[in-house]
Amino acid sequence: MEDRLKQQRTFALAGSSGSGKTSLAEMFLYNAKVTTRLGSIDAGNTILDYEPEETKKGGSVQPAYAVYSWNKNRHFLIDNPGDTNFLGEFPYQLAAADGVIYVVDAVDGVKAQDKKLWKDVRQAGLPSMVVINKMDRERADFEQAYAGLSDVLGVKPVLLYLPIGSESNFQGLVDVLNNKALIFDAEGKVKSQDVPEDLASRVAELYEAAVENIAESDEELMEKYLEEGELSAAEIQGGLRKGVIQGDVVPVCVAAAAGNKGGAQILDQIQDLLPSPLERESWQGTDGSERESSLDAPLACFVFKTITTPFGGQLSMLRVLSGKVSSDIHVYNPVKDAKEKLGALQFVVGKKQDPCKEEVGPGAIVAVAKLKSTATGDTICGEKDSFILDKPALPPQLLSFALTGANKEDEDKMVAAIQKLLEEDTSLKLEHNEETRDILLSGMGQLHIETAVEKVRRRNKVEVQLHAPKIPYRETIKASAEVQGRYKKQTGGRGQFGDCWIKLEPQERGQGYEFVNQIVGGVIPKTFIPAVDQGIQEAAQKGVVAGYPVVDFKVTLFDGSYHSVDSSEMAFKIAGSMAFKKAAEKTGVTLLEPVMKMSISVPDEYMGDIIGDLSSRRGKVLGYESNQGITEINAQVPMAEILRYAPDLRAMTGGQGLFTMEFDHYAECPPNIQEKILEEKQAQAENA
């Protein structure tokens with residue numbers, strides 16, 4: 001079994017949206033004879049994009065998985081989406097892989113999103129190869145795409161194959177290290193011949209550059225190369241593999257996946273250059289422990305994804321970290337402190353599952369029917385050899401929408417359906433906002449949330465409506481005031497009496513609420529003072545002018561009186577509330593709005609348009625930095641202006657921009673915005 005594992009490969013496909021990752025995976029499966037036809041994104045008949053939402057969109061909305069055999073060696077493949085809307089679980093998918101095939105579009109070259117994704121790949125510490133895809137498309141430009149690898153991504157490339165021709169004239173490859181041309185036939189198979197004369201000098205240059213980069217990754221090779229000026233074929237191959245596994249060099253291949261050109265060559269390089277699971281470093285535990293990626297180590301598996309089958313069942317996707325696993329065994333989940341029994345293990349190819357009838361070891365990706373207590377992100381292991389993987393952090397949700405059902409029954413069904421969807425997609429978040437009374441669904445972008453809602457509608461036959469969430473405005477005071485709050489009620493029996501004097505003062509933004517007790521001489525008994533505080537806080541929570549919570553103020557209780565019979569906690573609570581409202585009206589109240597901190601990455605040519613757009617949204621640009629064709633803009637923008645920023649940015653940049661944002665602070669609303677908000681509040685009250 002160990003010999004088989006040395007030849008096993010487990011890798012993830014990564015790259016920006018539209019680069020052709022799924023088409024590349026389909027070509028691999030076709031060449032490996034998993035399928036008898038080459039799946040096409042345009043025709044909507046791929047093995048890996050099988051959800052109706054993917055067929056409709058013409059692209060992946062969730063990771064997909066496949067296992068195949070190449071030259072009798074088992075490969076596990078993870079096909080990741082490229083759209084940022086669907087990359088919330090990307091760190092978990094990388095954690096399940098031993099290497100990465102990074103796909104770049106020959107037409108568009110290296111894009112702004114590639115910089116972010118490549119950074120994620122590097123942080124995961126995974127050996128990588130690059131495939132420049134779509135060489136047969138109109139406007140394919142190999143030189144531009146290849147230059148972007150070093151200029152934008154900072155890659156030290158080793159070009160393995162130089163394309164012969166491009167667009168409709170993409171007819172073959174030059175194997176740079178072996179100095180031979182490979183010409184495609186109509187089936188995508190190649191015939192070897194001499195390198196075309198017009199490419200000979202270019203190939204010689206690329207060979208020298210490749211050997212130099214390979215030699216730099218190994219001191220002994222570098223020494224020999226400097227002394228003798230050349231390396232043997234075996235030394236080049238050994239040095240290349242070592243450099244890839246160390247992360248020092250990145251091999252580059254080319255392909256036209258939709259036309260089945262270059263697939264066999266890439267599969268050979270995956271086998272030759274990417275590491276086996278036995279070659280990776282030990283796994284790190286949350287408690288500082290380590291678990292060796294070995295057959296002899298105790299069992300540990302990482303549950304890195306939950307998928308829903310077309311028939312409604314759920315499968316947990318397991319990456320075997322160490323040891324051996326088989327069907328129908330008992331395991332332990334130390335995260336939940338729960339025992340589990342694994343059912344039948346299954347190999348997954350798209351939506352199809354095949355029984356795994358054998359024991360599998362490190363690197364294997366297998367599915368098991370939904371576990372009782374275990375969720376995505378958990379580790380399962382042997383009870384006597386507990387281990388919890390120090391899993392990567394997932395990015396925070398960027399956008400929220402309010403959800404409503406057609407009626408109360410639909411709303412209950414909707415919430416239940418989304419909670420089930422959350423098990424499948426951990427980058428979604430569902431919460432009930434007590435302040436606005438909204439049911440909020442948060443995700444990585446508008447398209448992410450819309451797609452999730454489409455799934456809920458389709459799978460559960462429930463009507464769901466999406467609305468922009470209510471902005472969590474705040475109110476605050478502008479000056480100081482001293483007032484009396486006096487509550488007196490006589491009803492024939494025991495009365496109610498509470499009397500307090502307070503000073504209301506504004507605080508610095510973000511300082512919150514402060515209550516100071518300066519009562520002396522017992523003019524208000526100690527037992528009633530907390531009631532005054534509570535009355536003030538409850539009144540502040542309900543707002544003064546627009547119903548939003550009042551924040552950043554200080555109250556000093558400095559005088560008052562009481563009645564030995566009629567005073568009570570309730571009376572002083574009401575008195576405190578009355579005093580606060582009176583003081584707030586006297587000081588004047590203004591509205592605050594949440595301001596978000598944004599980081600926006602776009603190609604340099606769009607920088608002016610983006611900065612102008614941010615200004616039109618009342619944004620404040622804090623600075624920007626251009627690096628190798630990509631400008632990163634930092635800004636602060638009111639939340640109300642960017643609720644639907646993702647599709648706008650996509651439209652302004654032709655899909656090449658991306659952004660992150662997080663709450664930063666509250667700031668005073670401009671008078672015209674305040675006036676509009678108050679008018680809307682008044683209209684809502686009149687229509688209620």
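Val589 has a relative accessibility of 19%, and because buried means under 20%, Val589 counts as buried. This value, like the others below, comes from a predicted model. Val589 sits in strand β31, which covers residues 589–603. Which residues does Val589 touch, leaving out those up to four places away in sequence? They are Glu475, Thr476, Lys478, Val544, Val545 and Ala584. Leu430, by comparison, is 159 residues from Val589 in sequence, and the C-alpha atoms of the two are 33 Å apart in space.

The next topic is a sheet. Four strands form an open sheet in the order β7-β8-β9-β10, and their pairing is antiparallel. At the edges are β7 (161–164) and β10 (190–193), each of which pairs on one side only. From one strand to the next, the twist averages 25°. Within this order, take strand β8, residues 172–175, and strand β9, residues 180–184: the two pair in the antiparallel sense over four bridges. To find a facing pair in the model, look at Asp175, which stands opposite Lys180 in β9. Helix α7, made of residues 197–215, lies across β7 and β8 and runs at about 160° to β7.

The remaining topic is empty space. Rolling a probe the size of a water molecule over the atoms shows where such space is left. A cavity is a place where the probe fits but cannot get out, whereas a pocket is open. How many cavities of 30 Å³ or more are there? The count comes to four.

The largest cavity holds about 160 Å³ of space. Its lining has 17 residues, and those nearest the centre are Val61, Gln62, Asp425, His448 and Lys455. Of the elements, α12 gives the most, with four residues. By type, the lining of the largest cavity divides into seven nonpolar, five polar and five charged residues.

The second largest cavity has a volume of about 40 Å³. Tyr65, Ala66, Val67, Phe76, Leu77, Met317, Val348 and Ile365 line the second largest cavity. Strands supply part of this lining: β2 (64–70) and β3 (73–79) each give at least two residues. The largest share, three residues, comes from β2.

The lining of the second largest pocket consists of 23 residues, and Lys470, Ile471, Tyr473, Tyr548 and Lys681 lie nearest its centre. Helices α13 (529–542) and α17 (671–687) each provide at least two residues of the lining of the second largest pocket. Which element supplies the largest share of the lining of the second largest pocket? That element is α17, with six residues. Sorted by type, the lining of the second largest pocket has nine nonpolar, four polar and 10 charged residues.

Note on methods. Residues numbered from 1 in each chain as written. Predicted model: local features only at pLDDT ≥ 70, side-chain atom pairs only at ≥ 80, totals over all residues. Heavy atoms only, no water. 1 Å grid on protein atoms, 1.4 Å probe; cavity = no way out; pocket = protein on both sides within 12 Å on 5 of 7 lines; lining within 4 Å. Nonpolar A, V, L, I, M, F, W, Y, C, P; charged D, E, K, R; others polar. Buried < 20%, exposed > 50% of the residue type's maximum accessible area, 1.4 Å probe, protein only. Contact = heavy atoms within 4.5 Å. Pairing = 2+ DSSP bridges. Axes fitted to C-alpha atoms, helices over the stretch in contact; angles between N-to-C directions. Points joined across faces, edges and corners; volume = space filled by probe spheres on them.
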